[in-house]
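Here is a short walk through one structure. Keep the sequence and the 3D view side by side as you read.

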Amino acid sequence: MKRNLAAILLFTICLSQVAFAQGSREDVIAKIRTEAMDNSQIMKTLHMFTDVYGPRLTGSPKLEMAGKWAMEEMNRWGFDKTYREEWDWGHVGWENDVATGHIISPVKDALVFEVLAWTPSTKGVVEADAVSMTMPNGPQTQSQLDAYFDEWRAKIRGKIVLVGNPRAVPVNFEPPPKRIDDEQLAQRLSRNPNPQGPRRPAINNPEPAPDVLSFREVMTQVEKFIVDSEVLVRIDDAGREHGQIRAFSNRSYDPTTTVPTVVMRNEDFGRIHRILGDGTNVKLQFYIRNSIYPNGKTVYNVLGEITGRDKKDEVIMLGGHLDSWHSATGATDNAIGCAVMMEAARILKAVGVKPRRTIRVALWSGEEQGLLGSQAYVMRHFGTFEDPKPDYKKFGGYFNIDSGTGRARVFSVFGPDAAAPILDSSTASFRDLGFAGVTTTASRGLGGSDHTSFNMAGLPGIGVMQDPIEYFTHTWHTNLDTYERIVESDVKASAAIIAAAVYDLSTRDELLPRYSAEEMPKPR
């Protein structure tokens with residue numbers, strides 16, 4: 001009995017010493033703000049992720065190197081543990097090494113484009129006449145599509161082919177808003193009384209004729225037709241204003257199923273198309289060298305931890321996806337999300353916070369291919385509400401940033417209304433930085449970003465609504481997504497806000513409230 005009393009006394013003394021070292025909550029919040037604004041490491045982290053290790057395609061060496069660097073940095077910051085967890089991507093890795101293209105006749109000029117990912121290299125420098133190939137018009141039966149192929153087979157064989165007509169890009173004289181206005185914030189913060197979320201209107205699509213091919217079937221056959229015709233290079237129109245280019249990937253992620261392919265800026269694509277329309281021959285030259293990495297079939301999520309004290313088996317998570325598309329260096333999508341969350345945890349470590357729960361930073365891979373890395377992690381560690389793993393009940397929330405450089409303005413947490421005031425009180429000190437409040441969601445639909453992998457499992461994923469800045473209009477998945485698009489004051493503010501929220505969730509007596517078994521929405 002005396003031994004038990006002594007142990008309780010020692011534990012109480014230890015807790016009081018920790019509390020004394022940390023100071024009051026107000027002192028900790030003040031220290032968080034000072035550390036975030038005066039001693040920030042976030043721009044260095046963003047420089048390394050973008051300038052040094054960008055772009056970071058899933059399965060590529062640069063993604064793996066970026067993850068290893070992040071682990072080394074978190075170790076230098078004094079994190080208690082860093083590690084990687086693998087998951088099966090199942091496709092080879094791919095990176096573009098060299099890509100040049102020129103129009104060499106009837107004029108001479110360099111062309112601006114991005115290589116489509118998971119497509120093959122050219123066979124050295126290739127030079128050929130350009131052909132503008134129109135696409136099949138309207139619904140197609142197999143006989144109509146065969147007739148289309150017969151018409152174009154001889155015209156495109158061995159040529160460099162522009163696929164489709166140039167898109168008409170409208171001129172927009174009104175600049176997009178950079179900040180969310182009060183009306184939008186109020187609308188976002190309003191509660192939805194329907195726990196299942198708003199209903200979508202039913203769409204009654206007419207049944208297609210039995211012999212009409214689906215759009216996917218047509219596109220698959222067109223792609224094979226281009227390969228069989230030994231086209232040297234396929235050119236697609238980026239179709240965006242002011243030289244913006246979005247280049248994604250070959251749908252199969254198998255370079256043997258397609259030809260060398262580029263996405264060209266609308267201005268160059270249109271120029272070539274118009275010259276061809278005059279009846280003038282156009283000769284183009286390309287040299288594309290890509291590398292294939294068979295080891296890319298195994299991909300890694302990167303984790304860093306600050307171990308908790310009396311509730312260390314419970315975990316508060318924060319993160320973003322480290323993978324990016326390859327048209328630029330992946331700054332706003334989503335080096336920023338990773339850097340903000342690493343910085344938030346670094347701040348807590350730097351100011352001497354001793355969390356009761358373990359704080360875990362996650363840098364996901366495979367987000368751009370369908371939230372694959374975070375889904376694999378959630379299924380492995382937590383399971384779902386319907387089929388939970390032992391750690392399911394010990395999970396306390398996952399914060400996610402993935403909407404560009406704009407500062408955090410609203411949290412949306414999956415859970416009952418009672419969860420919102422808890423998070424709202426933890427961030428009330430940052431109203432001067434523009435943080436407006438917290439709302440809840442009942443959607444278990446997967447999509448948008450990695451917090452929905454948690455929501456789908458019935459766990460409290462916390463998505464962050466941000467000021468748009470130039471995200472969806474200019475930087476999202478485009479060749480403009482570089483370090484220069486970062487707003488330093490905004491990412492610092494976001495890190496401070498997240499750090500305060502994580503601090504509170506990691507030190508309070510109870511986990512965030514969740515839906516009861518009777519209230520839990522059905523998965524979508």
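Two strands pair if DSSP finds at least two bridges between them. With that in mind, start at the strands. The model shown here is predicted.

Strand β2 covers residues 93-105, and strand β3 covers residues 109-110. A hairpin of 3 residues connects β2 to β3. The two strands run antiparallel and are joined by 2 bridges. One place to look is Ile 103, whose bridge partner in β3 is Asp 109.

Strand β2 also pairs with strand β9, residues 283-293. This pairing is antiparallel too, and spans 11 bridges. Find Gly 93 in β2. Its bridge partner in β9 is Tyr 293.

Now turn to the helices. Two packed helices are described by the angle between their axes and the distance between the axes. Helix α2 takes in residues 25-38, and helix α14 takes in residues 488-507. They pack at an angle of about 150°, and their axes lie 9 Å apart. Angles over 145 degrees count as roughly antiparallel, so α2 and α14 are roughly antiparallel to each other. Their crossing is right-handed.

Which residues make this contact between α2 and α14? From α2 come Arg 25, Val 28, Ile 29, Ile 32, Ala 36 and Met 37. From α14 come Lys 492, Ala 493, Ala 496, Ala 499, Ala 500, Tyr 503 and Asp 504. Of the residues in this contact, 10 are nonpolar and 3 are charged, with no polar ones.

Note on methods: Residues are numbered from 1 along each chain as its sequence is written. This is a predicted model: local features need pLDDT of at least 70, side-chain atom pairs count only at pLDDT 80 or more; totals for chains, interfaces and linings use all residues. Side-chain values use heavy atoms; hydrogens and water are left out. Axes are lines fitted to C-alpha atoms, for helices over the stretch in contact, and angles run from 0 to 180 degrees between N-to-C directions. Helices (H or I, at least four residues) and strands (E, at least two) are DSSP runs, numbered from the N terminus. Angles under 35 degrees count as roughly parallel, over 145 as roughly antiparallel, 65 to 115 as roughly perpendicular and the rest as oblique. A crossing is left-handed if the near helix is turned anticlockwise from the far one by less than a right angle, and right-handed if clockwise. Contact means heavy atoms within 4.5 Å. Ala, Val, Leu, Ile, Met, Phe, Trp, Tyr, Cys and Pro count as nonpolar, Asp, Glu, Lys and Arg as charged, and the others, Gly among them, as polar.
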